[in-house]
Amino acid sequence: MIEAVNLSKYYGDFAAIDNVSFSIEKGEVVAFLGPNGAGKSTTMKLLTGYLSATKGAARIAGHDMAADRIAGSRHLGYLPENGPLYPDMSPRSLLRFFGESRGIPEGKLRERIAEVVELCSLQAVYGKPIGKLSKGYRQRVGMAQVLLHEPDVLILDEPTAGLDPNQIFEVRQTLKQIGKEKTILLSTHILQEVEAVASRVIFINEGRLSKEPWDSGTQRDLNARFRELTKASSQK
């Protein structure tokens, strides 16, 4: 459902990511783990077609996102870090706007809005201006918008960044619920996120994937390896 094939992105002589390859099967919830600046967001933007690759290919549900982005986007829900929302709109008007923009028929749109409002627990703020909502609620609004067109694949960039502990717990619970039906790639630099929501880990550091078997070992092993690699990176 998600495939990166030798993806690279260069800015002059600087390699934001270099020769990144991985695949994620239907129904998997995978954590894309790495320190800040490791290349997670760049990789996700390449996978979604938001950026063009210097070389390599990105595929969503079998569609090449460079050559057939519109078809691929029908299967994709993408939530960037600090995803843009219209602060003067309410969740009600925002969801309707995006649903109409995607051409969802009126009857189906009403049904889908009700479903994502329920899933993301937006009832209490449904008619309030988004600009007056807490960051936790804004993140839920973003998640509802991402889910509105019933995508098969979700790519979520640091969905709990900047949230307080209660908000983090709520977002993680939502992700667990969504992960029962969707294929999810979730970027994070927080190891607890991996333990809380993911079934598998892909580790990236300095734009390259780790060759270590991050799917094996205890949580303590994972913590130790992550600290060791990030410490080595910070000292360079």
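1. The second largest pocket holds about 220 Å³ of space. A pocket here is an open set of points on a 1 Å grid over the protein atoms alone, where a 1.4 Å probe fits, with protein on both sides within 12 Å along at least five of seven lines; lining residues have an atom within 4 Å of a point. The volume is the space filled by probe spheres set on the points, which are joined across faces, edges and corners.

2. This is a predicted model, in which local features need pLDDT of at least 70 and side-chain atom pairs pLDDT 80 or more, while totals for chains, interfaces and linings use all residues. Residues are numbered from 1 along each chain as its sequence is written, and side-chain values use heavy atoms, without hydrogens and water.

3. Residues lining the second largest pocket include Arg112, Glu115, Glu150 and Lys182. Helix α4 (106–119) and helix α6 (165–178) each give two or more residues, with the largest share, four residues, coming from α4. Helices are DSSP runs of H or I of at least four residues, and strands are E runs of at least two, numbered from the N terminus.

4. The largest pocket has a volume of about 580 Å³. Among its 22 lining residues, Tyr78, Pro80, Phe98, Arg102 and Gln145 are closest to the centre. Strand β6 contributes the most to this lining, with four residues.

5. An open, mixed sheet has the strand order β6-β7-β8-β3-β9-β10, where pairing requires at least two DSSP bridges. Its edge strands are β6 (76–79) and β10 (208–209).
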